[in-house]
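This briefing goes through one structure by topic. Please keep the sequence and the 3D view open while reading.

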Amino acid sequence: MYPYYDYYRQNQKLINNLSRAINGEYAATKCYAELAAMAPSAEQKKQIKEILNDEKRHLQQISQIYSAVTGKQPQLQMMEECKNSYVQGLEASFKDEQETTDFYHDIANKATNSVIKEVFRRAAYDEQNHAVWFLYFYEKEK
């Protein structure tokens, strides 16, 4: 095997992970905007909007990394539908944030580029924080 084959394979895995992350963040921005509109209290609405702002920042940062790695703009795709009820939305958001935390830690741990490593490490911490808020609101509402 040639060394460039390993590089290509690692780079393709990174590109696939970046695409998945971008589409996940894009879906989160759409669904959390809807969730904020359904929130029953000002406190919950405010917190979900703060989470939404974090997700928009993640989308921007990961999109910039994607563009730097590929030389192309990412194609945003809505890969999942938002839930119709507030409680279902909270539960789905909690689960998604937990899964995303693990996914982002994995990307950060495998990254060889320090910028990519730091962006995903920081995003993983944010996602874990978001999960706690969604669980808190879910427990209050169910």
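**Salt bridges, disulfide, cores and helices**

Glutamate 118 and arginine 121 pair through their side chains in a salt bridge, with an N to O distance of 2.7 Å. The model is a predicted one. In this model the salt bridges number nine, and a search of the whole structure finds one disulfide.

- Glutamate 118 and arginine 121 are three residues apart in helix 4, so about one helical turn separates them.
- An α-helix has 3.6 residues a turn, so residues three or four places apart point the same way.
- Glutamate 118 is partly exposed, at a relative accessible area of 39%.
- Arginine 121 is also partly exposed, and its relative accessible area is 33%.

**Salt bridges between helices**

- Side chains of opposite charge can pair when their charged atoms come close.
- Aspartate 126 and arginine 57 form a salt bridge through their side chains, at 3.3 Å from N to O.
- This pair links distant parts of the chain, with aspartate 126 in helix 4 and arginine 57 in helix 2, 69 residues apart.
- Aspartate 126 counts as buried, at 5% relative accessibility, whereas arginine 57 is partly exposed, with a relative accessible area of 30%.
- A salt bridge also joins the side chains of glutamate 43 and lysine 140, at 3.6 Å from N to O.
- Here too distant parts of the chain are linked: glutamate 43 belongs to helix 2 and lysine 140 to helix 4, 97 residues apart.
- Glutamate 43 is partly exposed at 40% relative accessibility, and lysine 140 is partly exposed at 43%.

**The disulfide**

- Which cysteines form the disulfide? They are cysteine 31 and cysteine 82, with sulfur atoms 2.0 Å apart.
- Cysteine 31 is in helix 1 (residues 3-38) and cysteine 82 is in the loop between helix 2 (42-70) and helix 3 (86-110), so the pair ties together parts 51 residues apart in sequence.
- The disulfide is left-handed, because the torsion about the S-S bond of cysteine 31 and cysteine 82 is about -90°.
- Are the two cysteines buried or exposed? Cysteine 31 is buried, with a relative accessible area of 13%, and cysteine 82 counts as buried at 15% relative accessibility.
- Leaving aside neighbours within four places in sequence, cysteine 82 is in contact with Lys30, Cys31 and Glu34.
- Cysteine 82 and alanine 92 lie ten residues apart in sequence, and their C-alpha atoms are 8.7 Å apart in space.

**Nonpolar cores**

- In soluble globular proteins, nonpolar side chains tend to be buried together.
- The largest nonpolar core has 19 residues, and those with the most contacts inside it are Leu18, Ala21, Ile62, Ile65, Tyr104, Ile116 and Phe120.
- Helix 1, helix 2, helix 3 and helix 4 each supply at least two residues of this core.
- Not counting residues up to four places away in sequence, leucine 18 touches Ile62, Ile65, Tyr66, Val69 and Phe120.
- Another core, of 15 residues, lies apart from the largest one, and Cys31, Leu90, Phe137 and Tyr138 are among its members.

- The 25 residues of helix 3 should span 36 Å at 1.5 Å a residue, and the end C-alpha atoms are 36 Å apart, which agrees.
- The buried residues of helix 3 are Tyr86, Gly89, Leu90, Ser93, Glu97, Thr100, Thr101, Phe103, Tyr104, Ile107 and Ala108.
- Helix 4 (residues 114-141) has 28 residues and reaches 41 Å from its first C-alpha to its last, close to the 40 Å expected at 1.5 Å a residue.
- At the start of helix 4, asparagine 113 places a side-chain oxygen within 2.8 Å of the backbone nitrogen of valine 115.
- Buried residues of helix 4 include Ile116, Val119, Phe120, Ala123, Ala124, Asp126, Glu127 and His130.
- Ala131, Phe134, Phe137 and Tyr138 are also buried in helix 4.

Methods
Residues numbered from 1 in each chain as written. Predicted model: local features only at pLDDT ≥ 70, side-chain atom pairs only at ≥ 80, totals over all residues. Heavy atoms only, no water. Disulfide = S-S within 2.5 Å. Helix = DSSP H or I, 4+ residues; strand = E, 2+ residues; numbered from the N terminus. Buried < 20%, exposed > 50% of the residue type's maximum accessible area, 1.4 Å probe, protein only. Expected span 1.5 Å × (residues − 1). Polar contact = N/O pair within 3.5 Å; in protein donor to acceptor, adjacent residues only side chain to side chain. Salt bridge = Lys/Arg side-chain N within 4 Å of Asp/Glu carboxyl O. Core = buried A, V, L, I, M, F, W, Y, C linked by side-chain atoms within 4.5 Å. Contact = heavy atoms within 4.5 Å.
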